[in-house]
Amino acid sequence: TGADIAIMNRGADAAVPKRPFGNTGIKVSKLCLGGFSVVGADSRSLLDEALKCGIDCWEFTSFNGRAFGDYFRAHPGIRERIFLTGKTKSTAPAVMQEHLDKVLAENETSTIDFFAVHGVEDVSVLTDDVRRWAEKAKQEGKIRFFGLCTHKRVESCLDRAADLGWIDGIQAFYNYRTQALRTMEGALGKCHEKGIGIFTVKSMGLCVQKEAEIQGLPL
């Protein structure tokens, strides 16, 4: 249709809108660049296109290698425009520090905007030692905001994280299959009230291959 053609012609010139990331005072693009999309030097055209589209929130994972760091070095001034996220799979302060230092080095930057503990299923792992480490990393200017990433027991993690009082953001499994769950919406609402920024992941839903798996879905 004519409308379809107009959209296609507009393409990347239409910037992705921004929204506040919780109460941090920062606005990030509503669509973020997932880390698994970016692998090595071949990703330079993808990063160019992301910037052209106004996608300024980029996720760093171990799969990226030095892709972002190489890009920032080749394009001076771009790093300041990007809200860069990173993760650690540990809650041991010494290991968290090791992971953070590696993320900083590979991205050739002095600061990670959002640093999260990956794969949290129970927020009890976010101890006072973790909180103190995060506060120290913030004071040193190595991270700006801290939080967690959760793919399982998401409602419980969101609900309990909102009560901690020191979580800035959460990367949470959320899609059309879980959207109508009252427990999920209640937990998200609680996080919103506390000013916690939320990134949603796996928004296309889970792959299912067997009828039993389909019957076991929440909706």
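Guide: Helices and strands here are DSSP runs, a helix having at least four residues and a strand at least two, numbered from the N terminus. By that numbering, Asp42 lies in the loop between strand E2 (27-29) and helix H2 (44-52). The model is a predicted one.

Visitor: Why is Asp42 called exposed?

Guide: Exposed means over 50% relative accessible area. Asp42 has 72% relative accessibility, so Asp42 counts as exposed.

Visitor: What makes H2 and H3 roughly perpendicular?

Guide: Their axes come within 11 Å and cross at roughly 65°. Angles of 65 to 115 degrees count as roughly perpendicular, and H2 and H3 are therefore placed in that class. The crossing is right-handed.

Visitor: Why are H6 and H7 called roughly parallel?

Guide: The axes of helix H6 (residues 154-164) and helix H7 (residues 182-193) cross at roughly 25° and come within 8 Å. Angles under 35 degrees count as roughly parallel, and the two helices are therefore described in that way. H6 passes H7 in a left-handed crossing. Val154, Glu155, Leu158, Asp159, Ala162 and Asp163 of H6 make the contact with Thr183, Met184, Ala187, Leu188, Lys190 and Cys191 of H7.

Visitor: How many aromatic pairs does the structure hold?

Guide: There are 14 aromatic pairs.

Visitor: What makes the pair of Trp58 and Phe72 stacked?

Guide: A pair of aromatic rings is described by the distance of the centres and the angle of the planes. Centres within 6.5 Å make a pair, and planes under 30 degrees apart make it stacked. The ring centres of Trp58 and Phe72 are 6.0 Å apart and their planes are at 10°, so this pair is stacked. Trp58 is in strand E3 (residues 57-59) and Phe72 in helix H3 (residues 67-74), so the pair links parts of the chain that are distant, 14 residues apart.

Visitor: How do you know whether Trp58 and Phe72 are buried or exposed?

Guide: Buried means under 20% relative accessible area. Trp58, at 0%, counts as buried, and Phe72, at 7%, counts as buried too.

Visitor: Why is the pair of Trp133 and Phe146 called edge-to-face?

Guide: Planes over 60 degrees apart count as edge-to-face. The planes of Trp133 and Phe146 are at 65° and the centres 6.2 Å apart, so the pair is edge-to-face. Trp133 sits in helix H5 (residues 128-139) and Phe146 in strand E6 (residues 143-150), 13 residues apart. Both residues are buried.

Visitor: Which residues do ring pairs link into a cluster?

Guide: The cluster consists of Phe21, Phe83, Phe114, Phe145 and Phe199.

Visitor: How do you know whether Thr88 is buried or exposed?

Guide: The relative accessible area of Thr88 is 1%. The limit for buried is under 20%, so Thr88 is buried. Thr88 is in strand E4 (residues 83-88).

Visitor: What is in contact with Thr88, leaving aside neighbours within four places in sequence?

Guide: Met96, His99, Phe115, Ala116, Val117 and His118 are in contact with Thr88. The Thr88 side chain also reaches the backbone nitrogen of Ser90, at 3.2 Å. A polar contact needs N or O atoms within 3.5 Å, and 3.2 Å is the distance found here.

Conventions:
Residues numbered from 1 in each chain as written. Predicted model: local features only at pLDDT ≥ 70, side-chain atom pairs only at ≥ 80, totals over all residues. Heavy atoms only, no water. Buried < 20%, exposed > 50% of the residue type's maximum accessible area, 1.4 Å probe, protein only. Polar contact = N/O pair within 3.5 Å; in protein donor to acceptor, adjacent residues only side chain to side chain. Contact = heavy atoms within 4.5 Å. Axes fitted to C-alpha atoms, helices over the stretch in contact; angles between N-to-C directions. Parallel < 35°, antiparallel > 145°, perpendicular 65-115°, else oblique. Left-handed = near helix turned anticlockwise from the far one by under 90°.
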